[in-house]
Amino acid sequence: MGLRKPSFNWPKSLGPLSNQKRLRHSVTGLGGSPRKFEMADGLLAAGGLGSQAMVPQPERTGWAVEESTAPLEKALFQDEDSCSDCSNHDKRGTSLQSFVPEGKTHFPEIFQTSQLLFYERFRAYQDYILADCKASEVREFTAEFLEKVLEPSGWRAVWHTNVFEVLVEVTDVDFAALKAVVRLANPYLCESQVSTFTLDCMNELLDLKEHRLPLQELWVVFDDSGVFDQTALAVEHVRFFYQNIWRSWDEEEEDEYDYFVRCVEPRLRLHYDILEDRVPSGLIVDYRNLLSQCEDSYRKFLNLRSSLSNCNSDSEQENISMVEGLKLYSEMEQLKQKLKLIENPLLRYVFGYQKNSNIQAKGIRPNGQKVTHVVSSTMMTGLLRSLLRDRLCQEPCKEETEIQFHSDPLSAINACYEGDTVIVCPGHYMVHGTFAIADSIELEGYGLPDDIVIEKRGKGDTFVDCTGADIKISSIKFIQHDAVEGILIIHRGKTTLENCVLQCETTGVTVRTSAEFLMKNSDLYGAKGAGIEIYPGSKCTLSDNGIHHCKEGILIKDFLDEHYDIPKISMVNNVIHNNEGYGVVLVKPTIFSDLQENVQDETEENRALKIPTSEEADTAERVDLEELIQCTTGKMELYARSNLSEQVEGNCEIVNELVAASTQKGQMKKKRLSELGITQADDNLMSQEMFVSIVGNQFKWNGKGSFGTFLF
């Protein structure tokens with residue numbers, strides 16, 4: 001009996017998957033006898049398949065189920081809905097691809113199953129293999145699944161290890177142990193890195209293993225009849241799960257909710273995010289190192305626990321071992337928490353930015369020489385003469401200048417030391433890494449920005465990562481595609497961007513705490529997040545720029561924390577237009593709204609708790625911050641009435657909100673200090689220079705207006 005093309009489609013007669021609680025029904029096995037099969041309830045909604053998996057798509061591989069009343073002549077996992085798969089009713093044979101293993105030995109073709117899509121693996125684990133099982137039930141559920149779909153004998157496979165590959169025949173399957181009983185195929189085919197694996201040696205090795213091999217080490221030999229499609233796919237899912245999803249410590253964790261949602265889904269998403277270059281390369285290295293450390297700690301912990309269980313005496317050595325065991329357990333728990341941070345798609349980037357911002361500066365070149373790096377894909381004589389005239393020999397030099405030539409900007413950046421200059425000649429350059437700038441250098445384009453284009457390939461890494469004390473970038477156009485990180489991040493130090501074009505993908509420019517950013521005469525557009533994201537405690541100067549066609553123009557973050565002040569912002573003559581949301585957004589905690597209602601009560605409480613220290617402190621304490629806000633607001637209202645344009649009103653809104661937020665933060669800090677018996681002498685808001693200048697900006701055609709506030 002031939003098998004029809006396997007499908008993931010859910011039979012309509014069973015009703016919506018989301019309405020099923022726990023369906024136990026029969027599927028027709030290859031031998032013709034119905035077998036029990038169990039499926040999970042509506043995890044599709046809880047698991048979050050994503051847009052790709054939620055819409056109907058043509059499926060390549062997988063398993064679907066039949067009702068218990070299905071005729072025996074129907075094939076295993078055939079979709080009962082004749083309308084959705086009518087084109088396959090008369091089609092026999094395999095639907096899978098094949099490939100030939102590399103090497104000198106001519107192995108037969110094997111099934112190509114390692115290139116399954118995310119949603120194919122997701123649905124297989126969620127609906128057919130693991131369902132809502134606990135971690136302690138994973139092996140049981142997997143064995144039950146394999147018993148339904150795996151051919152117990154009669155198929156060949158390539159036994160693949162790190163040392164050799166050999167062709168075997170499967171004579172039986174131990175489902176509970178997830179192992180196959182095998183014998184060497186005839187003729188004997190073996191590919192090895194060493195010449196010692198003769199036929200006799202291989203038979204001896206199989207005897208030691210009792211001819212039982214783990215299923216994940218077997219690659220099913222290709223058969224175009226379609227009979228072994230489900231076997232090949234089942235072995236692939238077992239192999240992938242134990243190589244990429246399962247952790248040796250999973251079984252010991254508390255089963256508060258089902259294993260799929262807690263562990264399988266986030267790890268599966270991380271695996272495919274890494275495949276699609278959506279995770280920073282540094283974070284991938286950190287994750288793998290953490291995995292290795294956690295495995296090592298867990299192995300030591302198991303060995304120690306085993307030795308303690310075999311020891312019945314209350315000796316001093318046992319007490320020492322107990323302390324060491326607690327230390328290992330604590331270390332392992334910390335490592336597991338870090339792993340979960342990276343596995344969580346919402347938290348991994350917060351964690352990752354901190355891990356990848358520690359770029360070490362090279363400092364001054366050992367010989368003290370400063371070098372000019374010239375980047376050009378091809379160097380023509382005319383271009384070289386122009387460079388000498390305009391850039392390299394503008395003034396008589398007291399000493400000779402060393403010039404190094406590069407074909408791409410990334411190699412030039414990586415070769416820089418403190419004080420170097422990189423000149424990028426006209427051309428379109430493709431880069432596959434991050435511009436990690438840790439020293440004070442100048443990166444300038446020789447010509448107009450549209451003529452010097454640097455385009456980023458790779459989704460996970462930041463485009464330009466700045467940590468240098470004084471970095472200058474000018475006359476370059478940066479283009480980013482399909483990214484998950486911002487186009488420019490300033491972690492610390494000062495970065496100046498002048499006469500540049502930034503074609504963004506996610507966030508545009510991010511100015512972290514304690515960093516300084518100066519942007520002049522530049523154009524930024526296309527960000528799916530904020531064009532510029534400003535963190536507390538930073539300094540940002542924006543002059544004569546265009547910020548447009550982003551989700552939000554500028555996002556200012558304000559946290560209720562006494563360690564960080566409102567960022568010092570100067571916005572002069574910028575045109576902020578055609579953004580989906582607001583031109584400028586202030587993000588602050590919800591507690592601010594509560595503080596605003598009770599600001600007068602807090603002021604009185606602080607005065608009652610005040611400890612007089614000097615006459616100067618008494619005078620400063622009498623400053624009424626509410627009056628200062630009203631005074632500032634009044635001035636802004638007068639200024640707004642003199643010019644009722646949308647642009648001026650937007651400037652006033654920003655100033656008023658920054659003053660109010662700063663005052664509320666000051667009240668909270670003052671209250672905390674008062675509770676500790678500490679009095680702050682200076683409450684003069686303007687002396688803190690909360691803002692430098694916000695004037696002359698134009699706000700046009702922004703979807704929600706010029707200014708808004710977001711509470712979190």
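Predicted model: local features only at pLDDT ≥ 70, side-chain atom pairs only at ≥ 80, totals over all residues.
Let's start with a residue pair: Gln503 stands opposite Tyr525 in E26.

**The parallel sheet**
- Strand E23 (residues 501–503) pairs with strand E26 (residues 523–525) in the parallel sense, over 3 bridges.

**Gln404 in strand E12**
- Gln404 is found in strand E12, which covers residues 402–406.
- With a relative accessible area of 24%, Gln404 is partly exposed, because this value falls between the 20% and 50% cut-offs.
- Beyond its neighbours within four places in sequence, Gln404 is in contact with Val371, Thr372, His373, Val374 and Ala415.
- One of these partners, His373, also makes a polar contact with Gln404, side chain to side chain, at 3.5 Å.
- Val374 is 30 residues from Gln404 in sequence, yet the C-alpha to C-alpha distance is 6.1 Å.

**Ser440 in a loop**
- Ser440 lies in the loop between strand E15 (435–437) and strand E16 (442–445).
- Is Ser440 buried or exposed? Its relative accessible area is 14%, which is under 20%, so Ser440 counts as buried.
- Leaving out neighbours within four places in sequence, the contacts of Ser440 are Glu418, Gly419, Asp420, Ala469 and Asp470.

Technical notes:
Residues numbered from 1 in each chain as written. Heavy atoms only, no water. Helix = DSSP H or I, 4+ residues; strand = E, 2+ residues; numbered from the N terminus. Buried < 20%, exposed > 50% of the residue type's maximum accessible area, 1.4 Å probe, protein only. Contact = heavy atoms within 4.5 Å. Polar contact = N/O pair within 3.5 Å; in protein donor to acceptor, adjacent residues only side chain to side chain. Pairing = 2+ DSSP bridges.
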